[in-house]
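Here is a short briefing to read alongside the coordinates. Keep your viewer open and follow the topics in order.

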Amino acid sequence: MAAGDDQEAIRHRTVEVSGGVRLHAAEAGPAAGGAPTVLLLHGFPELWYAWRHQMRALAAAGYRAVAPDLRGYGDSDAPEGAAGEQYTALHVVGDLVALLDALGEARVFVAAHDWGAIIAWSLCLLRPDRVRALVALSVAYAPRNAARKPVDRLRALFGDDYYICRIQEPGAIEAEFARLGTEQVLRKLLSYRTPGPIFIPKSGWGSPDDQVQLPSWVTEEDLKYYASKFDKTGFTGGLNYYRAMNKTWELTSPWTGAEIKVPVKFIIGDLDMTYHTPGIQDFIHKGGFKKFVPLLDDVVVMKDVGHFINEEKPNEVSEHIISFIKKFN
């Protein structure tokens, strides 16, 4: 059993959602029956488990916390098919809408990190009627650029060895990750604190024997839990979200220029690689973000904090989430 995952505190269920896909979800706090629900969405390479600290804090504050393994991850199903075809924002938002229906929840609060934040922005864009308010971590809203596909733009900006570009070829990164081993891949990703882009050269991303120190906020037991799930599923499900980026861009053409019409709080670490994408700080702080997210309530930049912010600073992030959603109770 994973660190701290006692059965009394965290319950587990499986829900059938879009097209017969089954999602595993962890749950804490009061069961259905009046308690406000907070939907927690993880990123890559994580699982529901990334929210373990916030789940307990939310439950203690009287909220129902629900954290699914997104499709392709952990104990949820991983639909197969052409690379990325089953992992567009429309597919994953469809999963979440069906999950909320199964939970009996018409509207929920959402807190989301990394790819979870990208999906949460899409949920707010496509189904704002299901979201009371959003706390987004690490990834700001990216309005659709009608002139250029997202992967093409990133390739022009960073080159072919940029990790998102390298992921596009089915099987190539999976082979590199297999060479390194699951635990080593997770160590390298979870310990990454360079305020700049990740590059995975074709010549190889280091040696399986490299000594990679875990950050203080990830224990060996935590790592083994993550590794046990990715050993079972592989990384392809999570990688397919990146492979679906251009397909999502094609399908969301009708929402070009659309605004996010739900209340939002945004939190990011100043060492987060996403905070150092060219142009992003001006977008966040000089009016662009507020233009497309008019109900943006607050932007918090946490000092000396990296990408995996909800795990690195669990108490602070829990407090930010709870203080924000209390405004809407």
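This is a predicted model: local features need pLDDT of at least 70, side-chain atom pairs count only at pLDDT 80 or more; totals for chains, interfaces and linings use all residues.

**Ser138 and its surroundings**

- Ser138 sits in the loop that runs between strand 6 (131–137) and helix 4 (150–158).
- The phi angle of Ser138 is near 80°, which is a positive value in a residue other than glycine.

- An open sheet is formed by 8 strands in the order 1-2-4-3-5-6-7-8, with mixed pairing.
- Strand 1 (11–16) and strand 8 stand at the edges with a single partner strand each, so one side of each has no neighbour in the sheet.
- On average, and ignoring direction, neighbouring strands of this sheet are turned by 20° against each other.
- Helix 3 (residues 115–126) packs on the sheet and touches strand 3, strand 5, strand 6 and strand 7 (264–269).
- The direction of helix 3 makes about 145° with that of strand 5.
- As background, strands of a sheet pair through backbone hydrogen bonds, either parallel or antiparallel.
- Strand 1 and strand 2 (residues 22–28) run antiparallel and are joined by 6 bridges.
- In this pair, Glu16 stands opposite Arg22 in strand 2.
- Strand 5 (residues 108–113) pairs with strand 6 in the parallel sense, over 6 bridges.
- Here His113 is the residue that stands opposite Leu137 in strand 6.

**Phe266, a buried residue of the sheet**

- Phe266 has its place in strand 7.
- Is Phe266 buried or exposed? With a relative accessible area of 0%, Phe266 is buried.
- Phe266 and Val300 are 34 residues apart in sequence, yet their C-alpha atoms are 6.2 Å apart in space.

**Helix 1 against helix 14**

- The axes of helix 1 (residues 52–60) and helix 14 (residues 314–325) come within 9 Å and cross at roughly 45°.
- At that angle, helix 1 and helix 14 are therefore oblique to each other.
- The crossing in which helix 1 passes helix 14 is right-handed.
- On the helix 1 side, His53, Gln54, Ala57 and Leu58 make the contact, and they meet Pro314, Val317, Ser318, Ile321, Ile322 and Ile325 in helix 14.
- By type, the residues of this contact are 7 nonpolar, 3 polar and no charged.
- For reading such a contact, recall that an α-helix has 3.6 residues a turn, so residues three or four places apart point the same way.

**Asn310, a meeting point**

- Asn310 lies in helix 13 and is buried, with a relative accessible area of 1%.
- Which residues does Asn310 contact, leaving aside its neighbours within four places in sequence? They are Ala50, Trp51, His53, Gln54, His113, Leu137 and Val317.
- Several names return here: His53, Gln54 and Val317 also take part in the contact of helix 1 with helix 14, while His113 and Leu137 stand opposite each other in the sheet.

**Helix 9, enclosed**

- In helix 9 (residues 236–243), 7 of the 8 residues are buried, so this helix is largely enclosed by the rest of the structure.
- The buried residues are Gly237, Gly238, Leu239, Asn240, Tyr241, Tyr242 and Arg243.
- They pack against helix 2 (89–103), helix 3, helix 4, helix 5 (163–167), helix 6 (172–180) and helix 10 (245–251).

**Backbone details in loops**

- Phe44 and Pro45 are joined by a cis peptide bond, with omega about 0°.
- Pro45 is found in the loop between strand 3 (37–41) and helix 1.
- Asp304 has phi near 60°, a positive value in a residue other than glycine.
- The loop that holds Asp304 lies between strand 8 (296–302) and helix 13 (309–312).

Key: Residues are numbered from 1 along each chain as its sequence is written. Side-chain values use heavy atoms; hydrogens and water are left out. Axes are lines fitted to C-alpha atoms, for helices over the stretch in contact, and angles run from 0 to 180 degrees between N-to-C directions. Helices (H or I, at least four residues) and strands (E, at least two) are DSSP runs, numbered from the N terminus. Angles under 35 degrees count as roughly parallel, over 145 as roughly antiparallel, 65 to 115 as roughly perpendicular and the rest as oblique. A crossing is left-handed if the near helix is turned anticlockwise from the far one by less than a right angle, and right-handed if clockwise. Contact means heavy atoms within 4.5 Å. Ala, Val, Leu, Ile, Met, Phe, Trp, Tyr, Cys and Pro count as nonpolar, Asp, Glu, Lys and Arg as charged, and the others, Gly among them, as polar. Two strands pair if DSSP finds at least two bridges between them. Buried means under 20% relative accessible area, exposed over 50%, partly exposed in between (1.4 Å probe, protein chains only).
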